[in-house]
Amino acid sequence: MKEEIVDPRLTTPEESAGYVRQAQTLFKLNHTMPYTEEYNALAGELFGHDVTADGGFVMPGLTGICFDRVKLGRGVRIMYNCLMMARGGITIDDNAMVAANAQLISNNHDLHDRELLICKPVHIGKNVWVGAGATILPGVTVGDNAVVAAGAVVTKDVAPNTIVGGNPAKMIRVISD
């Protein structure tokens with residue numbers, strides 16, 4: 001896992017302009033009728049590709065930063081009010097589902113200099129189901145076919161084919177064939 005330390009005080013005018021464009025696109029997306037060509041085009045602009053390919057979608061109420069650092073696979077479904085703090089990078093692989101009010105957080109503030117961001121990528125594997133209100137913290141990988149229970153706070157990697165839940169999340173059981 002690659003950790004990156006970012007000092008927002010050193011943001012260039014070009015970077016600031018990019019953040020403003022993303023914020024404006026995000027605002028438009030959240031105030032446009034879903035399931036329309038206009039909505040799909042705005043989602044595509046935000047994420048850099050057609051998110052509706054192969055049945056994927058992103059529902060409104062989306063919040064966050066650095067959507068240019070979010071990589072969505074085919075058929076990814078993201079429900080209402082998802083928070084993506086993506087400065088450290090977020091990857092969501094094919095056919096993953098992210099339920100309403102989930103939080104994917106790839107950056108946090110330094111304990112000594114709170115202006116600094118400590119960024120670690122978040123990786124959601126193939127066919128993962130992230131339950132409603134779950135929080136995935138920086139540096140976490142959720143393995144393929146895993147399930148994160150509603151309301152779970154995931155602080156450590158999740159093994160493939162397992163169910164985790166609680167705060168902090170712990171393995172509940174292995175998903176058998």
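The model is predicted, so local features need pLDDT of at least 70 and side-chain atom pairs pLDDT 80 or more, while totals for chains, interfaces and linings use all residues. Residues are numbered from 1 along each chain as its sequence is written, and side-chain values use heavy atoms, with hydrogens and water left out.

Me: Why is the F47 and F67 pair called edge-to-face?
Reply: Rings of Phe, Tyr and Trp (its six-membered ring) pair if their centres lie within 6.5 Å; planes under 30 degrees apart are stacked, over 60 edge-to-face, the rest tilted. The centres of F47 and F67 are 5.6 Å apart and the planes stand at 85°, so the pair is edge-to-face. By this rule the count is 1 aromatic pair.

Me: What makes this pair a link between distant parts of the chain?
Reply: F47 sits in helix α2, and F67 in the loop between β3 (63–65) and β4; they are 20 residues apart. Helices (H or I, at least four residues) and strands (E, at least two) are DSSP runs, numbered from the N terminus.

Me: Are F47 and F67 buried or exposed?
Reply: Both F47 and F67 are buried. Buried means under 20% relative accessible area, exposed over 50%, partly exposed in between (1.4 Å probe, protein chains only).

Me: What makes a set of residues a nonpolar core?
Reply: Its members are buried Ala, Val, Leu, Ile, Met, Phe, Trp, Tyr and Cys residues, joined through side-chain atoms within 4.5 Å. The largest such core here has 39 residues; F47, I124 and I136 are among those with the most contacts inside it. Helix α2 gives the most to this core, with 5 residues.

Me: Which residues is I136 in contact with, leaving aside its neighbours within four places in sequence?
Reply: Contact means heavy atoms within 4.5 Å. The partners of I136 include L104, I124 and V148.

Me: How do you know that β7 and β12 pair?
Reply: Two strands pair if DSSP finds at least two bridges between them. β7 and β12 are joined by 3 bridges and run parallel, so they meet the rule for pairing.

Me: Why are β4 and β15 called edge strands?
Reply: The open sheet has 4 strands in the order β4-β7-β12-β15. β4 and β15 (141–142) each pair on one side only.

Me: What makes β19 hardly covered?
Reply: Among the 5 residues of β19 (170–174), the count of buried ones is 0. β19 pairs with β18 (162–165) in the antiparallel sense, over 4 bridges.
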